[in-house]
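Open your viewer and keep the selection panel handy. We will stop at a few places and look around at each.

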Amino acid sequence: MTSLSSAATLPALQAQKPSPRMPVLFVGHGSPMNAIEDNAWRRSWETTGTELLARAVPPQLILCISAHWLTRGGWQVTGMAQPKTIHDFGGFPQALFDQQYPAPGAPAVARSLARELKSPATGGALGVDEGEWGLDHGTWSVLKPMFPKAHIPVLQLSMDYSRAPAEHYALGQQLKGLRERGVLIVGSGNIVHNLRASRRGSAANEAYDWATEFDTVVQDQIKKGQLGALQDFQKLGAVAQQAHPTHEHYLPLLYAAGAVHASEMPRFFNTGYQSASISMRSVLWG
């Protein structure tokens, strides 16, 4: 593992270079314990990371949209050189709080992207967070198994939770061009996420009927390339409300889907459930 001190010596990424089109990932992250437990979810993340690094051209930068960074009144991009590892949870073993992911930031790129991307609400530039946030567990819990050397700079993009799902999808569409500039887009949330209904100890193939129904509808839309339909999930009514009493874990999927080209076919992995009420379904495009 790259140490904090050695990560600080990595050359700062000043600008993105043209590249072959990078993939897009949506990762179902589930429990923070997946970051340290030897389970099927984590092993799949490790395999995915190895596969991405083995490509002819690896990512220059990772832009992650996590369910756990919500803002109101605008979107922000992390702009610090050394983003801190945030342990935004409670009630877990000390071993989880001891985890660090010392990936560097990319302040110059963050400032550039904040100017380039436009708020779907106002048309203005995004904000740059130079010190408050960092890398929350929606980001580091999946990136650490994928890229354990922490050598690829990471930026987080917040989600303005006061805005409608269509605006989140619209901002995701703006990310599409970044893929030809070395940026790996990663949405981290869950297609189904209802902690109130969780049943600890449930097998990966056990889930509530409403959970499988919602997950199946989303899977079918993705398979058929009907990615724009994903922003209308609330039209599913009671099933959507059960799948997402609050919908912050669904929104990262809209950013990932927005960045996908129509010709790109999805590949699903981690197609199971955690605690019967959390879909771990993940998707790779490109």
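The tour begins with confidence, then visits a helix and a single side chain.

This is a predicted model, in which local features need pLDDT of at least 70, side-chain atom pairs count only at pLDDT 80 or more, and totals for chains, interfaces and linings use all residues. Residues are numbered from 1 along each chain as its sequence is written, and side-chain values use heavy atoms, without hydrogens and water.

Colour by pLDDT, the predictor's confidence in each residue from 0 to 100. The protein's mean is 95, and 96% of its residues reach 70 or more. Now select residues 1-9, where pLDDT is below 50. Where pLDDT is low, the predicted coordinates should not be read in detail.

Next, select helix α7, residues 209-223 (helices are DSSP runs of H or I with at least four residues, strands runs of E with at least two, numbered from the N terminus). Show the side chains of its buried residues, W210, A211, F214, D215, V218, Q219, Q221 and I222 (buried means under 20% relative accessible area with a 1.4 Å probe, protein chains only). They cover an arc of only 165 degrees around the axis, so they sit on the same side of α7 (the arc is that of the directions from the helix axis to the C-beta atoms). Among their packing partners are α8, α9 and β12.

Finally, go to Q274 in strand β12. Is Q274 buried or exposed? Q274 counts as buried because its relative accessibility is 14%. A polar atom of the Q274 side chain lies 3.1 Å from the backbone nitrogen of S31.

Methods: Buried < 20%, exposed > 50% of the residue type's maximum accessible area, 1.4 Å probe, protein only. Polar contact = N/O pair within 3.5 Å; in protein donor to acceptor, adjacent residues only side chain to side chain. Expected span 1.5 Å × (residues − 1). Contact = heavy atoms within 4.5 Å.
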